[in-house]
Amino acid sequence: MVMRTRHLSLHTVSSLFTSSSSSLSSTCSLGFPLIRYFQKPFSETFHQTLSTQLNVSASKTGTSKQTSPDTEKLIKPTLFIPPGVDIVEISEEMILSGSNIVLGPYAGHSQIKQVDFVKSSSKAKDCPKDGLPEFAMLGRSNVGKSSLINSLVRKKEVALTSKKPGKTQLINHFLVNKSWYIVDLPGYGFANAPDAARMDWSSFTKGYFLNRETLVSVLLLVDASIPPRKIDLDCANWLGRNNIPMTFVFTKCDKSKASKGNRPDKNIKDFQELIRKNYREPPPWIMTSSVTGLGRDELLLHMSQLRNFWDN
């Protein structure tokens, strides 16, 4: 099977990511041809619907679907619009709950019927070579990554969970429905791990990102119960500079840390505003909770449309 490459694209990284340092530029193309990343301005209310931006009733009554330039300016910065979706055909029913993601024609079967652990790899070159698409789960060591994986597949202990963060020390591949992978990557930023257990993230995980042609997207997990952390912003910016497609998955949206005081929606808003400083067109985002199941089905639908587009 011929591996997908990152050369087919309408855009370059310079149009996606901005930086004051020329050393951060890249000549690679976007991983997904035709996928457009539209910026989400959080000056709007958190649960704003498209009906306040686009006259949905007009499309339902069969009136003209033409949109004015001003209307398109409102829609484009608000939503992640996948391939095959025309802006003028968007209705609020197409927007996945708790996200900026529009559901398009590539969305398909998202139910997980079978999941099998395949292998753990200490190096990217040792990962499976069967050419199947994969989604990499990445985040700080205590972000709830393993819990989210277990929630997605509806099985306990598929991914290792522990009260002591930092247990994932290898690249772990889980085969889903015998057709695609969830990849559990080592967490970053856990300073209390013993020296022998700390990962050299630069040479280990980054090597996976830069050399894995079957990578559909990184699901970058961010803890919504606490204010933005610099290490998460740094990770997102590194992925952007290196042309790695990603979706922000905000975890723990069912709670907030009492000592921090902020609600998850406020923390998400603050994170997005910081990201906007470096991204002209930031990636899609979605809210989740492994405790309540918030965002589970929506995230799987989003993954299905990215996966199906990659497969075609």
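Which residues do ring pairs link into a cluster? Ring pairs join Phe248, Phe250, Phe271 and Trp285 in this way. The model is predicted, so local features need pLDDT of at least 70 and side-chain atom pairs count only at pLDDT 80 or more, while totals for chains, interfaces and linings use all residues. Residues are numbered from 1 along each chain as its sequence is written, and side-chain values use heavy atoms, with hydrogens and water left out.

**View 1. Aromatic pairs around Phe209.** The whole structure holds 9 aromatic pairs. Tyr208 and Phe209 form an edge-to-face pair, because their ring centres are 5.5 Å apart and their planes stand at 65 degrees. Rings of Phe, Tyr and Trp (its six-membered ring) pair if their centres lie within 6.5 Å; planes under 30 degrees apart count as stacked, over 60 as edge-to-face and the rest as tilted. Tyr208 has 0% relative accessibility and therefore counts as buried; Phe209, at 0%, is buried as well. Buried means under 20% relative accessible area, exposed over 50%, and partly exposed in between (1.4 Å probe, protein chains only). Phe209 also pairs with Trp238 in a tilted arrangement, 6.1 Å centre to centre with 50 degrees between the planes. This second pair links distant parts of the chain, with Phe209 in helix α5 (residues 205–211) and Trp238 in helix α6 (residues 230–241), 29 residues apart. Helices (H or I, at least four residues) and strands (E, at least two) are DSSP runs, numbered from the N terminus. Trp238 is buried, like Phe209.

**View 2. Helix α4 and its surroundings.** Helix α4 (residues 145–153) is largely enclosed by the rest of the structure, because 8 of its 9 residues are buried. Among them are Lys145, Leu148, Ile149 and Val153. The buried residues of α4 pack against strands β1 (115–121), β2 (134–139), β4 (180–184), β5 (215–223) and β6 (246–251), and against helix α8 (296–311); contact means heavy atoms within 4.5 Å.

**View 3. The crossing of α4 and α8.** The axes of α4 and α8 come within 10 Å and cross at roughly 85 degrees. Axes are lines fitted to C-alpha atoms, for helices over the stretch in contact, and angles run from 0 to 180 degrees between N-to-C directions. The two helices are therefore roughly perpendicular (under 35 degrees counts as roughly parallel, over 145 as roughly antiparallel, 65 to 115 as roughly perpendicular and the rest as oblique). Leu148, Ser151 and Leu152 of α4 meet Arg296, Leu299 and Leu300 of α8.

View 4. Glu134 bridges to Arg212, with the closest N and O atoms 2.9 Å apart. Glu134 lies in strand β2 and Arg212 in the loop between α5 and β5, so the pair ties together parts 78 residues apart in sequence. Glu134 and Arg212 are both buried. Asp184 bridges to Lys145, the closest N and O atoms being 2.6 Å apart. Asp184 counts as buried at 2% relative accessibility, and Lys145 does at 6%.

Methods:
A salt bridge is a side-chain nitrogen of Lys or Arg within 4 Å of a carboxyl oxygen of Asp or Glu.
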